[in-house]
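Me: I would like to go through this model by question and answer, with the cut-offs behind each term stated as we go.

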Amino acid sequence: MPGILVYAEHKDGKIKKVAFEILSEAKKLAARKGEALCAALIGSEVEQLAQLLAPYGAERVYCVESDLLANYTTGGYAKALCDLIRQVDPSIVLFGASINGKDLSARVAGRLGVGLTTDCTGIDLDEGGRLVVRRPMFSGKVYADVVFSDSLPQMASIRPNVFIAKADEGRTAEVVKLTSTLTAEDLMVELLEVIKIGGEKPDLTEAEIIVSGGRGMKGPENFQILETLADVLGGVVGASRSAVDAGWRPQSDQVGQSGKVVSPNLYIAVGISGAIQHLAGMGTSKVIVAINKDPEAPIFKKADYGIVDDLFAVIPPLIEECKKLKGE
Amino acid sequence: MVRYVVLSHGEVLSRTLAILRREEMDIICCVKQVPDTEAEIRPTADHMGINYEGVKFVINVYDEYAIEEALRIKERLADVSVTIVTLAPSRGVEAVRTALAMGADKGVLLDDPILLKGDAHATAKALAAAIKMMPHDLILCGLRAIDDDSFQVGQIIAESLGLPGVMGVVKIDISADKKQALVHRQIEGGVEVLAVRLPAVLGATKGLNEPRYPSLPGIMKAKKKEIGRCTLGDLGLTPDDVAAKTRVTVYSLPPIRKGGKVIEGATPEEKAAQLARLLREEAKVI
């Protein structure tokens, strides 16, 4: 039966926010198509998470459970999801463009022989009810409108924090458990260990507030004030390529064309000039703030708010002001 | 082509045994030629294509990590051959030549007007068809290409060949018997450690290594290395096999972020206070 299916990625017992965002947006499309909006939950104990998807619009939640799915593997999850798709037969499948979302959607597209568009910032339907999407290319320098061939399902992964999650708490969903003929061989790899880096802080790609430092920080020890500001705001610290190449911050902190693409609600760029490659990594941030003593820095052209001044004179009072606001 | 190389008796013996035991390892590197990251990218006047006039092309940086890793494996283990496969118009031969100058052994350019019309899915199928025609123990590619940003080709090649695919790899250790790889895969907030049986497709990402620059002797040697060319027919594929499943209808420039407020104030403290207030009351993000 036709329908729009949203792959609901989860981690450590929590559903990833991007799934709620996609459901909220896809609700409109499902209504226009006259089709059901459904969700897919894959893992070892996922049935208990199913009702969490209902407020965001999922009418039916399909669950595939197996001990073999306790941890993500491309092979295991692709097999389970393909089995699910073949049983449910949706016309459109949507994923969050997280690392595993991009990985899984690609493998599934290959297996099913269907079209996939990655990291989309807009979805819509054409007059025939077929999926059309908009997505950044060339690291955000150009946007492309993309259409699909008639092979179904049409698939897309969606950039996190672009759509807005809207909950209607009164809703419940029908929960359907599906079986999968998954065997250990389907996993194709052996997961030996997961090494956690960065403690409990969210990854840059999932953070809502980022305070980022560049060459203007002048040294690794000066990032301490950015850490403090980030802590007060409940955010995380990022870095430009200059700061990473100088060895001041680890690779995993780099925002930009050859680093991470981020899409937070607030991006504060401190001592960052705003090279094209950096902008490519944070261009879809909802609000951009730039603090730089060079009035000609390209970042000011993209910033919603700018302060042209010495960052070392601005950040400490900014920390105090934010503490005051948070205290209210 | 016959090569005469001077070997010691020991080398002759171990190489003969290696050939008899089939210990030779064939690494395939999938390499894409892309616009330089400094390039300003603009749509054509009709917005149906990209204007590449004056654009400089380079090897996709993520594929450079793949090439570098292949060369390091070749240096570490004996009897490893590295083949570069590129799908591109004729200018792609430059990318292949650069990879050969870094130290790869030979290259293949998939150059066919029909192939150039494909999307990521079609490209992956064509590359997989080419790889199937050669011995392949390990396929290395970049996690993504910095022009399309589709993140698909690596996994779809793996799927087409029925092989394990691990994308986003920051460490690769090939076992001494060349049959397994221990890899570190980057995920949000950490790293997965995976054991993968070869052959497999591994997608390289930043942090795997620092790619070398081609040396002058390398550039000279590369001029004599073999670059084959392949058309659709050579791959045993029909246009239907590589039909694109997605198509760009319009290219546009990104939404213009209206240059915002530069916050005025007599002192940095005043400006900071204003900013905090605006972020709370106007932008509503803190």
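Me: Which residues of α5(B) meet which residues of α6(B)?
Reply: This is a predicted model, in which local features need pLDDT of at least 70, side-chain atom pairs count only at pLDDT 80 or more, and totals for chains, interfaces and linings use all residues. Residues are numbered from 1 along each chain as its sequence is written, chains are lettered from A and ligands numbered from 1 in the order in which they are written, and side-chain values use heavy atoms, with hydrogens and water left out. Taking contact as heavy atoms within 4.5 Å, and helices (H or I, at least four residues) and strands (E, at least two) as DSSP runs numbered from the N terminus, the residues of α5(B) that meet α6(B) are B:Ala120, B:His121, B:Thr123, B:Ala124, B:Lys125, B:Leu127, B:Ala128, B:Ile131 and B:Lys132. Their counterparts in α6(B) are B:Val153, B:Ile156, B:Ile157, B:Ser160 and B:Leu161.

Me: Why is α5(B) called oblique to α6(B)?
Reply: Axes are lines fitted to C-alpha atoms, for helices over the stretch in contact, and angles run from 0 to 180 degrees between N-to-C directions. The axes of α5 (residues 120–132) and α6 (residues 153–161) of chain B come within 8 Å and cross at roughly 50°. Since angles under 35 degrees count as roughly parallel, over 145 as roughly antiparallel, 65 to 115 as roughly perpendicular and the rest as oblique, α5(B) is therefore classed relative to α6(B) as oblique.

Me: How many residues of β9(B) are buried?
Reply: Buried means under 20% relative accessible area, exposed over 50%, and partly exposed in between, using a 1.4 Å probe and protein chains only. Strand β9 of chain B, residues 165–174, is mostly covered, and of its ten residues the number buried is eight.

Me: Which residue stands opposite B:Val169 in β12(B)?
Reply: Two strands pair if DSSP finds at least two bridges between them, and four bridges join β9(B) to β12(B), residues 200–204, with the two strands running parallel. β9(B) is also joined by five bridges to β10(B), residues 180–187, in the antiparallel sense, where B:Lys171 has B:His184 as its bridge partner. In β12(B), the residue opposite B:Val169 is B:Ala204.

Me: Is A:Thr121 buried or exposed?
Reply: A:Thr121 lies in the loop between β7 (116–120) and β8 of chain A. Leaving aside neighbours within four places in sequence, A:Thr121 has contacts that include A:Arg134, A:Pro136, A:Tyr143 and A:Phe163. With a relative accessible area of 16%, A:Thr121 is buried.

Me: Which residues of α3(B) are buried?
Reply: Helix α3 of chain B, residues 92–102, has eight of its eleven residues buried, so this helix is largely enclosed by the rest of the structure. α3(B) is followed by B:Gly103, whose phi is positive, near 140°. The buried residues of α3(B) are B:Gly92, B:Val93, B:Ala95, B:Val96, B:Ala99, B:Leu100, B:Ala101 and B:Met102.
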